[in-house]
Amino acid sequence: MKAARSFFVFVMLAMTSTMLISCEQEDVVITIWAWNRNVAIMEDAVERYRTDVDASFNAVVESFSQGDIDTRFKSAKELNDGSMMADVVLADANWIRGYADAWPELFVDFAEEGLSEEEQSGFVQSTIQIATVDDRLVAIPYGIAPTVVFAYLPLWDMEDINDILENGWTWDDYKTMGEQIRSVHGTDVHMTAYNMRGDDRLYRTMTAQKGEWLVDADLAVQVGNAISIQAMTHVRSLFEDDILSHIDTGDFRSLMKNGQIAAQVHGFFVGGQMKDVAPEMSGDWMILPLPRWSDMDRSDAITGGSYLYVNDTASTTVKDKSLDFVKWFTLNPENAIQALEVGGIYPALLESYETDAFMNGQDPYFNDQYVLKVVSDFTKQAPAIYPSKNNAFNYDAFVTAQEKILFQAADLTQALNEARDAILTNAS
Amino acid sequence: MRHKKFFPYVLIAPFVIFFAVFRLYPIVLTFLRSVTESNSGVLVYRGFSNYANLIQDRLLLQVLVNTAVVFMLYVAIKMPLLMVISIVIREMKKNKALYIRTLYLPTLVGGFAYGIIYRYLFTYNGIVNHVLNFTLGIRVDWLGEAFFARYVIVFALLWGSLGIHVLMLVNALNNVSSEQLEYGALEGATFIDRMRYIFIPHAKPLLKVIVFISLIETIGMIDVPLNLTNGGPYQSTMTLGLYVYKQAFQYGDFAYAGTIGILVLFLSIAFLVLFGRKEALYENYY
């Protein structure tokens, strides 16, 4: 009887332990936060990871806007509670340094977690520079936003297009071309839509070509310096001559879809968005290199990017699984191509530029142009631009200066200097 | 006997607990946060430097002016409109409920949602400008000019809040005696006369409450200006609530946001005291 009782207790204990262990294993669910087209990319990646690598991998991709993630980050940081953040989080190039600077404990150092220097050198170098904060690699890049010109062919003379593709063009040419196109096609047509009430990609691109933006790598404020004045002077000149279409919502895609924009300056990902919203325009667009400054030979600019970071405050099991997934996703050229196909995100992994899709892929939407090859040619050498830890404030200060310059005819240098002073005061 | 002695405390306990947890505790916490800094989640006392920063904050002065301007516009448009609509609905023979419900519907839509709706209506390439351009050949930079942007915010606020106040006012005006109105009609009172001598005096206490609610609404509003203008142009629509929100959730400075929060608290108390005193004078006078 006693033996039977002992056996029963043993069986119960064994069953309970097995259940607990299996429950624990099944309960490891990785949470991933992403926005827009990145959600579909992540969902696709999770499915493939489960199929190809780890069948037990369990992850939930949650869709938040970039602003929501930013708000959650700031709230979690205030409470110093990393559990309020997901295990793997998408971060924009313009925010990642500020986040890591404000709350370094949240970020896994990928260099310390086994991402070798050789592996790091496999990415477009500006992305690694941006993600390296205090000698720690706080995130891995997987997408970049090389900035290009989307030319709407029905508004162009093909001779001009070919000339630009062959010889490049300057910002002065861009303005002249805008005047020419408007004189032919009427005043409803503009060269590019410009968000006068926001941090528009055009100004950012103009300064990024010279390796600057609101601050530099050492967080020294760049607003109001010579490059900033040069760029804003050109923006104002384009604005005064009505080359820019005034938008205040950032909804330039509607104008592009209406055929009212001749040469939109924007990130490569807009091409994917246009395929979604205006499939009927297939063949009507081509991608042109950016205009360059007359004092420069090259015109490359990268004005954004997608990075993944892993929550260092998560449990070891979760962190390890997250790290394995993120490394697999970002270091594999097949995944980069898949992300490009699923979400139109241009890869940061250089190896993907050697794939057949890049070397020989013609895109019917862009008039059978070898788009990926063309863009990769002016992506590798693009300089890094650095956001700051006070990005939100800096945006607001800059936008206020921009509004004063464009709408209140304020003295350009003075307005930019006021913005610089506000940024400096806030930072101190 | 003893049981009876404690019974009133039991009755007020839910309110006291609710007030202490959801009102008093956040206020105390906000004050503590305003005099501390977060060091890896641990709050360390750092004195009243944030309060000194309030005095040096040039934008804060503009924010206070913006809030006052929006409030005055809001009340100046809302109160006459509210009176006219409420009287018209009161005078209706049928379908009163239908009109009240229609006006009330926007109240059910959150400020965040109608902020976005108004943005797409009034953006430079929005529906309103398309109509204006089609009919008159003009476009107005509704959200780009401080003058217009403030009006758009006021109209968005009106759209969202008018219904509930019409509902309150119609109920109050329903209590006006028909004899009084009939007497007025015999004396040849016009619509204006009836409004001036009968309806407004009757609804005056409620109108004051509505003005005060509108003040609280204007001070605290975040979602409407955030989605419509993000405080622009030239920070002319940066109101107190939005400024606090930006400091905390966009700039990540919870301590300074808390400091402004305490300022808002004292301003509200000052208005309440002022409002209460006028109310008392009004009561004594009559």
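What follows is a walk through chain B of a predicted model, with a stop at a charged patch on chain A.

Starting with the overall picture, chain B is built from 12 helices and 2 strands. The C-alpha trace covers about 80 × 75 × 35 Å along its principal axes. Of the 286 residues in chain B, 40% are buried. Among contacts in chain B that link residues at least 6 apart in sequence, 67% bring together residues at least 24 apart. As for the surface, chain B exposes about 16300 Å² of accessible area, and carbon and sulfur atoms account for 70% of that. On the charge side, there are 23 positive and 14 negative side chains in chain B, with 6 Å between the centres of the two sets.

K78(B) sits in helix α3 of chain B, which covers residues 58-91. K78(B) counts as buried because its relative accessibility is 0%, where the cut-off for buried is under 20%. Beyond its neighbours within four places in sequence, K78(B) touches L158(B), S161(B), L162(B), H165(B), I210(B), S214(B) and E217(B).

E145(B) makes for a contrasting case. This residue is found in the loop that links α6 (127-135) to α7 (146-173) of chain B, and it is partly exposed because its relative accessible area is 33%. Setting aside neighbours within four places in sequence, E145(B) contacts P233(B) and also R197(A), over on chain A.

Among the buried ones are the tyrosines Y243(B) and Y245(B), along with K246(B) and Q247(B). Just past the end of α11(B), G252(B) adopts a positive phi of about 75 degrees.

Over on chain A, a negative patch forms on the surface from D157(A), E159(A), D163(A), E166(A), D172(A) and D173(A). Two helices of chain A, α7 (158-167) and α8 (171-185), each bring at least two residues to the patch, and α7(A) contributes the most, with 3. D163(A) belongs to helix α7 of chain A, and it counts as partly exposed because its relative accessibility is 41%.

Conventions:
Residues are numbered from 1 along each chain as its sequence is written. Chains are lettered from A and ligands numbered from 1 in the order in which they are written. Side-chain values use heavy atoms; hydrogens and water are left out. Patches are made of residues with over 30% relative accessible area and no salt bridge: like charges are joined within 9 Å, nonpolar side chains (Val, Leu, Ile, Met, Phe, Trp, Tyr) within 5 Å. Accessible areas come from the Shrake-Rupley method with a 1.4 Å probe; for residues, only the protein chains shown count as cover. A salt bridge is a side-chain nitrogen of Lys or Arg within 4 Å of a carboxyl oxygen of Asp or Glu. Lys and Arg count as positive and Asp and Glu as negative; His and the chain ends are not counted. The place of a charge is taken as NZ of Lys, CZ of Arg, CG of Asp or CD of Glu. Helices (H or I, at least four residues) and strands (E, at least two) are DSSP runs, numbered from the N terminus. Buried means under 20% relative accessible area, exposed over 50%, partly exposed in between (1.4 Å probe, protein chains only). Contact means heavy atoms within 4.5 Å.
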